[in-house]
Amino acid sequence: MPQVKIVARNFMDMVASLLAVKLDMLYDNSFICEVILRSLPPLAKKYVLQLLYIDIPISAKSMEEWVLPDGFSKHKVAIDRLIQLRVMTETFDRKKEAMYRLNPKFQFNLQKHIVHGGVLPREPMPSNITVRLPSLEELEAFAVEQWECFLLHLISSSEAGKTTNISSSMMKIFQRGLLSQRDDREPPRLTECGFQFLLMDTNAQLWYIIREYITNAEERGVDSADLIAFLLELSFHVTGKAYNTNTLTDLQRSITKDLSDLGLVKLQQGRKESWFIPTKLATNLSISLADTTSRKQGFIVIETNFRLYAYSTSKLHCEILRLFARVEYQLPNLIVGAITKESLYKAFQNGITAEQIISFLQQNAHPRVAERIPSVPENVTDQIRLWESDLNRVEMIPAHLYDEFPSKDVFEAACDFAREYGGLLWEDSKQLRIIVKADILTEMKEFLRRQK
């Protein structure tokens, strides 16, 4: 079965994809320089700090001497990352030896930020102006509710009870690649990527959506560099604090409305002032996926008899479980079902793999079973893999049978030709018969015509 992968790049990959001119514009902001420094691998951070007050290029050979021989692979990763982000530039001397130096604009602003500090993009509003702000628990619940509502709308689920303010055109951009529709008479269906997207953890899903949001910014008349700069600024805001919307540009106000629908910020209106409150989803945007180590509380218990109990009130959780399990009934705070051969075959046919299902069950294991080793019974994981392998025992390959060759020489020449193109599947030298992949049908016909 072909595997379809969704790559959820972290924020710094999006920054690295910007044009050099736009990257240099970002580095005018000293706080963004700090965010970039934070995001770098440890060895790359060390190089930046070592080069911070050196104004002449340093040879690649000299920098290689800064690490032990067994650290060369990490050295190469660090150098590549610095060059991708244009934190460091590479030039060549007369002897064509590589030379490195820090980006002057990045270097100047980071120096200034380290020595003098900096003015935050905006200060929190005083408590006597704002109405009662939500607690961190209430803010977390708001973020989860908004994100789940958005995902239910994204997959066109009838279970989405709440409406969303995201425009239909924006929603179609997010749905691109996740849903497909043959014609207007049929409802949209999840693609293989769509099924896999739903099984990702929240951080990976968020990166995918933010990537699409940034990638299509130009289509909406928004400069992607301005959008990335504002999203990076959010990482310096404090979760749960209120920030006046009057400090935002028109573009930034429009962005905060979209982010509110995704659960990244909460908007509130007072008598005279209005403000936005960042959630953890927003303040963690500059952190790479590898750094998000905090484990969310799971909700799934799997028994050795393949019975499944999900302690959740979430409609989204129920929809996700339906992708690979048979949901039997749903109580106010409990979903009861079972993993069956039929439900898994349906999942495999939709492009979900056994490893994705097992990973989802392990990542979302209820706290009472999460500490067990393994958290999902071995007989269950083994059986899921076996049922997947059942489907993969026979591989369907379109092919053509060729027989009645005029001579053994022509037969052997045809075998060699098909083998050279990687299309020979089977040969019978006694009966002079071969089976060849349909991919090279045109080339095979032309070859046999020339033999005649």
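A residue counts as exposed when its relative accessible area is over 50%. Keep that cut-off handy, and bear in mind that this is a predicted model.

First stop: select Glu404, in the loop between β13 (399-402) and α20 (408-420). Is Glu404 buried or exposed? Its relative accessibility is 72%, so Glu404 counts as exposed. Now check the backbone: phi of Glu404 is positive, about 55°, though the residue is not a glycine. That's worth a look because most residues other than glycine have a negative phi.

Next, jump to Lys96, which sits in the loop between β2 (88-92) and β3 (98-102). Here too you'll find a positive phi in a non-glycine residue, near 65°. Lys96 has 70% relative accessibility and therefore counts as exposed.

Now go to the loop between α18 (367-370) and α19 (378-391) and pick out Pro374. Show the peptide bond that runs from Ile373 to Pro374: it is cis, with omega near -5°. For context, most peptide bonds are trans.

Last stop, a helix pair. Select α12 (residues 224-233) and α13 (residues 250-262); their axes come within 11 Å and cross at roughly 65°. The crossing of α12 past α13 is right-handed.

Notes:
Residues numbered from 1 in each chain as written. Predicted model: local features only at pLDDT ≥ 70, side-chain atom pairs only at ≥ 80, totals over all residues. Heavy atoms only, no water. Axes fitted to C-alpha atoms, helices over the stretch in contact; angles between N-to-C directions. Helix = DSSP H or I, 4+ residues; strand = E, 2+ residues; numbered from the N terminus. Left-handed = near helix turned anticlockwise from the far one by under 90°. Buried < 20%, exposed > 50% of the residue type's maximum accessible area, 1.4 Å probe, protein only.
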